[in-house]
Amino acid sequence: MGRPVDLDRRTTSAAMATGGSTTGQAPGRWLRTARLPRQPFLRHGLITLVAGVALFLLTDSLGPFNDFQMAQIAIYAVAVAGLGLLTGWNGQISLGHGALMAVGAFATAELNIHTNVALALQILAGVAAAAVAGVIVGMIAARLRGPYLAGATLALALALPEIAVKYSTVLGGEEGLTLNPLTSPRSVNLDRWMAWISLLCALLVTMLLANLATSRFGRAFRAVRDDEIAASLAGINVARTQVLAFVVSSACAGLAGSLLGLAVGNVGPQSFEVALSISLLAAMVIGGTGGMLGAWIGGFFLVYVPQWSSSVSHSLHLSTAVESNLSLAFYGVVLMVVIIVAPSGIQGGIEAAARLAGRLAFGRPPLLAPAESDLVSPSPATDTPRPIRNPKEDT
Amino acid sequence: MTIKTLHRPRHAAVAGLLSVALVAAACGSSSTSKSSSSTPSSGGGSSAPGVTANSILLGSTQPLTGPAAPGYSEIAPASNALFQAVNAAGGIYGRKIVYQYVDDQYNPSVTATKTRQLVLQNNIFADFNPLGTPTQLTVQPFLNSQGVPQLFVASGCDCWSSSKYPWSSGWQPPYTDEGKILGTYIKDNLAGKKVGYLYQDDEFGLDGVKGLDAVLPSSTVVSRQTYSVTTLTAGMANQIAALKAAGAQVVALYTIPAATALTLLAAAQIGYSPTWVVSSVGSDPPTLAGLLTSFSKGKAPASLLNGMVTNIYLPPESDNSNPWIQAFKAIQAKYDSNNKNWDGNVEYGMAVAYTMVDLLKAAGKNLTRQSLLQALDTKAGSFTGPWLVPLSYSGSDHYGIQGSQIAVNQGGLNLVPTGPVYQTTVSGPVTTVTNYTPAAPPANLAG
């Protein structure tokens, strides 16, 4: 069923690569063997493994405050990656992802407080609860387009925290629920333990989402995004595909909410206000919509922008009223700069810069330039004959 | 036209992740060298974090902006003013207090980040008077695992005194204690009258009602009404109508100031005037008078507050003959001149800072976190200050002020203390304090 709408570059790239192998001299062949495996699962697994080791070593070399920030970066990366899947791959917008995070967070909090189940189960419950919410919201979303969808999801972001206040005996009201602190293995600092858990979850999620993108489902997501009528003619159930995208995205949000609750130690409406949903959206656009690297960059921004802005306003001796709003203004400025300088986000910008650098370093663009958008490093290792044009840009 | 996306991980992802990580490392590198020194918290000598030969760094998270800011944002500047006055008089063993309070907007997830920043990056010696129940519950495990004193939390939750968290301590009376004392007043002085409750639907209100219920026979309570902070804008008309219909002659309020003011306005509108018995949290006359004016667009006079019964644990701020009030006002004029309001929040901030100064003195010249905790456990119980009851601090009690006196509002802006000073504990009976009078402030306090 995937054949007619196969937008996957791999097929084309593979064909082109074989065709182009006539140019392969000795160094070229060596270089080709140095490439990452073509099989997506292996490739993404390898990247994840390398990134995991790098991040593990990083947490080991950083101070304890950075542990907490690493955890937060990872948590927001999960949420942004999920939102990117929905918006970037499937073309649906959500202004209510903060609320879906809240669903996951409250589910985890209830289990954490009232039961003794293992941490992994608490987190999974958060994911499951948000996925169920995603089914419901997704079914509504599949019937709505553009501004109507934005409005509906915004209503979700506004209304859901109120439910916590309304049913305060169960959900803790304004003050939220205070979670039992985690227990970490003997010698490990609690914040570092949380950072490891969050980083592991985030790496797994970004890996799985990267795999999903290259799968039949990923192609269906994109087909629906690009042209619903064409997609349905090709045999794709448009509504079901949209709901599926929403569910996967919600599950990511739920995971992020669940981890955030555990890291902070409190789950309450204040933590999941509309501002969070908007910030996630901003982070997604800044990082690069739908890109896995972009999600991490987005998470990084969400954690560091408030910190930078508060240190800036401290050094300028601004009033607290200014200070508390400066980070929002900062987001706005960064967002505008990114949109102007790199319309496809920082990930897109990095890739464009790398293409340019590759072109400059290796001369004649058509043959030797890294034509695929995912080549970032100008190192010779990436310089194998590749398709001349990005097939995506033809469509 | 479409948003450009699709999978492009591969080298990009690896390189990018690493670059993100490296930037993170660069951002954090300035802090790593410092943070290692926060671990030997129980170490000896004057090598305690945040303490140098001539300074002591205290930190705090406060709602300087956001929904809880009105009123509460005055507390930390007032504390700081008292510290300035103490610094001007030579500090504590030659060390000047530096008070670094940051805005957490009353949002627990912000508190979690900012508290870690204060402890791990800015290396504070202790977290002093951080405000809020949910916000401080969030960081209680963290602060205790780091061995950082979480001192004099600005919350009447009974969560700050527990053997599980020895580094935490409260200061103001627990809401349950206040409820028992107000209940005792109702039982003794308003006997036989029908009582109604109106309380905030959270831990603050529920704890208070727990205290009231512990003292008042359930047969006298005819109506229990609640509200939540987010629905405050809807006013109190429904609750007031229900209390009136139930025939409540005494209404006990566990309300924040805005809710108290709305309650009084709603009652005035339907000509309902029971005896109001209000927790100290929501009865500060200058605050209420201001709210009444703004909510009614100038129509409601402060005299609406006349006759309101409340509990106080510090001298009434309207008592200009009290030497503490005189000293605090002088300090405000000198060191906190940005704040033109003199109200209960300012008095609170100065009184709690005064306790901190005493504690730092008691911890001795060789100041460490351990010596501070030891001073709290062994010496703080005998500290003298403006508080109306002796402090209850001991090795097994980290509550602080566990008592109150009843005061009645006269004319709108004056609170007049009446009757005995009561003392109680969260689970014990209410007794009367004898053999205690608040000490006079040191002569040079205001500099």
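Tutor: Start with strand 1 of chain B, residues 55–62, which is mostly covered, with 6 of its 8 residues buried. Keep in mind that this is a predicted model.

Student: Which strands does strand 1 of chain B pair with?

Tutor: One is strand 2 of chain B, residues 96–103, joined to strand 1 by 8 bridges and running parallel. Another is strand 3 of chain B, residues 126–128, joined to strand 1 by 2 bridges, also parallel.

Student: Give me residues I can click on. What is the bridge partner of B:Ser60 in strand 2 of chain B?

Tutor: B:Tyr101. On the strand 3 side, B:Gly59 has B:Asp127 as its bridge partner.

Student: What is the strand order in that sheet?

Tutor: The order is 2-1-3-4-5 in chain B: 5 strands, an open sheet, parallel pairing. Strand 2 and strand 5 (168–170) of chain B each have a single partner strand, so one side of each lacks a neighbour in the sheet. On average, neighbouring strands here are turned by 25 degrees against each other, direction ignored.

Student: How many bridges join strand 4 of chain B to strand 5?

Tutor: 2 bridges join strand 4, residues 150–153, to strand 5 of chain B, and the two run parallel. Look at B:Val153: its bridge partner in strand 5 is B:Gly170.

Student: Which strands of chain B does helix 12 lie across?

Tutor: Helix 12 of chain B, residues 344–362, lies across strand 1, strand 3 and strand 4. Against strand 4 of chain B, helix 12 runs at about 145 degrees.

Student: Okay, the other sheet. What is the order of its 8 strands?

Tutor: In chain B, the order is 7-6-8-9-10-11-12-13, again an open sheet, but the pairing is mixed. Strand 7 and strand 13 (431–432) of chain B stand at the edges; each has a single partner strand, so one side of each is left without a neighbour in the sheet.

Student: Do strand 6 and strand 7 of chain B pair in the parallel or antiparallel sense?

Tutor: Parallel, over 6 bridges. To find the pairing on screen, go to B:Gly196, whose bridge partner in strand 7 of chain B is B:Ser223.

Student: And which strands of chain B does helix 7 lie across?

Tutor: Helix 7 of chain B, residues 203–215, lies across strand 6, strand 7 and strand 8. Its direction is at about 155 degrees to strand 6 of chain B.

Student: Next, helix 8 of chain B. Which of its residues are buried?

Tutor: B:Gln239, B:Ile240 and B:Leu243, in a helix that spans residues 237–245. They cover an arc of only 95 degrees around the axis, which puts them on the same side of helix 8 of chain B.

Student: What do those buried residues pack against?

Tutor: Strand 6 (195–200), strand 7 (221–227), strand 8 (250–254) and helix 9 (257–269) of chain B. On the other side of helix 8 of chain B, B:Asn238 and B:Ala245 are exposed. Just after helix 8 of chain B, B:Gly247 takes a positive phi of about 80 degrees.

Student: Zooming out, how is chain B divided into domains?

Tutor: Domain 1 of chain B is 55–173 + 319–401, and domain 2 is 176–312. Their C-alpha centres lie 29 Å apart.

Student: How many residues of the two domains of chain B are in contact?

Tutor: 10 residues of domain 1 of chain B are in contact with 10 of domain 2. The domain 1 side has 3 nonpolar, 5 polar and 2 charged residues.

Student: Why does B:Gln117 count as buried?

Tutor: Because it has 21 C-beta neighbours inside 10 Å, and the cut-off for buried is 20 or more.

Student: What does B:Gln117 touch?

Tutor: A:Phe65 and B:Asn122, leaving out residues up to four places away in sequence.

Student: That brings in chain A. How many helices and strands does chain A have?

Tutor: 18 helices and 2 strands. Chain B has 13 helices and 13 strands.

Definitions and conventions
Residues are numbered from 1 along each chain as its sequence is written. Chains are lettered from A and ligands numbered from 1 in the order in which they are written. This is a predicted model: local features need pLDDT of at least 70, side-chain atom pairs count only at pLDDT 80 or more; totals for chains, interfaces and linings use all residues. Domain bounds come from an automatic or database domain assignment. Two residues are in contact if their C-beta atoms, placed from the backbone, lie within 7 Å. Ala, Val, Leu, Ile, Met, Phe, Trp, Tyr, Cys and Pro count as nonpolar, Asp, Glu, Lys and Arg as charged, and the others, Gly among them, as polar. Helices (H or I, at least four residues) and strands (E, at least two) are DSSP runs, numbered from the N terminus. A residue is buried if 20 or more other C-beta atoms lie within 10 Å of its own, exposed if 12 or fewer, and partly exposed in between; C-beta atoms are placed from the backbone. The arc is that of the directions from the helix axis to the C-beta atoms. Two strands pair if DSSP finds at least two bridges between them. Axes are lines fitted to C-alpha atoms, for helices over the stretch in contact, and angles run from 0 to 180 degrees between N-to-C directions.
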